[in-house]
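Here is a brief report on one protein model. Look over the sequence and the structure, then read on.

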Amino acid sequence: MRRNIFALLALGVLAALTVVSQADALQAQKAYKEMTITITVTPSPAPTGGYVPAPPAAPAAAVALAAQLLADPYAGPARVAFAGPAWDVSPGGGLQVAQVSTQPTPVPVQFVAKADPNAAYLHIVPHTPSVNAGYGKTVFPCAFEIFTFYTNTYSLTDWGYGTLKTGATPYFPIENYPTISYLSWTVPDFSATVTPYNNSGPPGETTWTGAKNQSQQHCINLTLNVPNSQPAGLYTATVQYNLYVTLP
């Protein structure tokens with residue numbers, strides 16, 4: 001009797017481990033795509049006089065000389081150009097004619113564009129890959145769209161690309177964990193919740209899920225919050241989207 005109890009307990013533990021092992025192996029990455037947004041941060045409000053000062057006026061003597069040379073390029077004394085030991089115009093009046101060197105025959109290069117084999121399962125449709133933002137909060141409706149499809153159930157996940165989990169160096173606007181990202185996303189078809197982008201690497205966060213043979217294409221709204229301490233300039237934010245499918 002005791003042996004039967006131990007045998008049943010051992011069988012139960014083995015079954016539990018098998019279920020856990022199978023659950024861990026059910027998901028597999030089918031495809032991934034990266035979306036890069038270029039962000040130009042400018043002072044807000046912008047100076048009324050513009051960012052680039054007007055060039056200073058040229059002296060009157062320089063203007064007069066330019067007008068004289070334009071009217072008669074050969075007026076005035078003869079001019080000799082000299083650069084190192086070689087004369088462009090020799091003092092004796094002779095001219096050195098540039099020799100034409102023989103150019104090698106160009107080698108034809110042919111580029112063959114191949115279709116992305118995973119585009120039928122995951123692809124991104126960009127709308128505003130470059131944006132301008134002042135200080136404070138700016139919303140970019142439908143900055144891009146994402147298409148997903150698979151014959152099995154699946155999930156779409158995302159995380160900021162190139163960020164770290166140590167928080168050692170900031171990567172504006174997605175930053176590093178544990179600093180919260182200044183760039184957030186929302187899928188208006190599903191919810192109005194605005195979520196800062198995950199910046200601690202895999203496994204990231206779930207964007208949405210899909211059923212068998214379900215194709216979806218949804219807009220991604222972006223919200224950018226630029227702190228006043230952030231220097232004006234050009235920044236990029238790259239997000240990696242991953243399609244994980246359920247194995248049969």
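## Cavity and lining

The structure holds one cavity of 30 Å³ or more. A cavity here is a set of points on a 1 Å grid over the protein atoms alone, where a 1.4 Å probe fits but cannot get out; lining residues have an atom within 4 Å of a point. Grid points are joined across faces, edges and corners, and the volume is the space filled by probe spheres set on the points. The largest cavity has a volume of about 30 Å³. Its lining is made up of Ile37, Ile39, Val131, Phe140, Leu183, Leu222 and Leu224. Strand E1 (27-41) and strand E11 (216-226) are the elements that give two or more residues to this lining.

This is a predicted model: local features need pLDDT of at least 70, side-chain atom pairs count only at pLDDT 80 or more, and totals for chains, interfaces and linings use all residues. Residues are numbered from 1 along each chain as its sequence is written, and side-chain values use heavy atoms, with hydrogens and water left out.

## Overall build

The protein chain has two helices and twelve strands. Helices (H or I, at least four residues) and strands (E, at least two) are DSSP runs, numbered from the N terminus. Along the sequence the pattern reads α-β-α-β-β-β-β-β-β-β-β-β-β-β. Of the 248 residues, 27% count as buried. Buried means under 20% relative accessible area, exposed over 50%, and partly exposed in between (1.4 Å probe, protein chains only). Among contacts (heavy atoms within 4.5 Å) between residues at least 6 apart in sequence, 75% join residues at least 24 apart.

## The sheet around E8

Five strands form an open, antiparallel sheet in the order E4-E6-E11-E8-E9. Strand E4 (122-126) and strand E9 (195-196) stand at the edges with a single partner strand each, so one side of each has no neighbour in the sheet. Two strands pair if DSSP finds at least two bridges between them.

Strand E8 (residues 183-186) is joined to E9 by two bridges. Four bridges join E8 to E11. Trp185 stands opposite Thr195 in E9 and opposite Leu222 in E11. Both faces of E8 are covered: Leu183 and Trp185 are buried on one side, Ser184 and Thr186 on the other.

Strand E5 (residues 130-133) has a covered face, Val131 and Ala133, and an uncovered one, Ser130 and Asn132. E5 pairs with E1 in the parallel sense over four bridges. In that pairing, Thr40 stands opposite Asn132.

## Aromatic rings

How many aromatic pairs are there? The count comes to six. Rings of Phe, Tyr and Trp (its six-membered ring) pair if their centres lie within 6.5 Å; planes under 30 degrees apart count as stacked, over 60 as edge-to-face and the rest as tilted. The rings of Phe172 and Tyr235 have centres 5.0 Å apart and planes at 70 degrees, so this pair is edge-to-face. Phe172 lies in the loop between strand E7 (154-160) and E8, and Tyr235 in strand E12, so the pair ties together parts 63 residues apart in sequence. Phe172 is buried at 9% relative accessibility. Tyr235 is buried too, at 17%. Ring pairs link Phe172, Tyr182 and Tyr235 into a cluster.

Lys165 has its charged end over the ring of Tyr177, 5.9 Å from the ring centre. The rule asks for NZ of Lys or CZ of Arg within 6 Å of the ring centre and within 35 degrees of the ring normal.

Tyr244 is in strand E12 (residues 233-246). At 23% relative accessibility, Tyr244 is partly exposed. Tyr244 and Leu26 are 218 residues apart in sequence and 9.6 Å apart in space, C-alpha to C-alpha. Beyond neighbours within four places in sequence, the contacts of Tyr244 include Gln27, Thr153 and Trp159.

## Backbone points

| Cis bond | Omega |
|---|---|
| Phe172 to Pro173 | about 5 degrees |
| Pro202 to Pro203 | near 5 degrees |

Pro173 lies in the loop between E7 and E8. Pro203 lies in the loop between E9 and strand E10 (205-210).

Cys142 has a positive phi, near 45 degrees. This residue is in strand E6 (residues 136-148) and is buried, with a relative accessible area of 19%. Asn213 has a positive phi near 55 degrees and is found in the loop between E10 and E11.

How values were computed: On a 1 Å grid over the protein atoms alone, a cavity is a set of points where a 1.4 Å probe fits but cannot get out, and a pocket is an open set with protein on both sides within 12 Å along at least five of seven lines; lining residues have an atom within 4 Å of a point.
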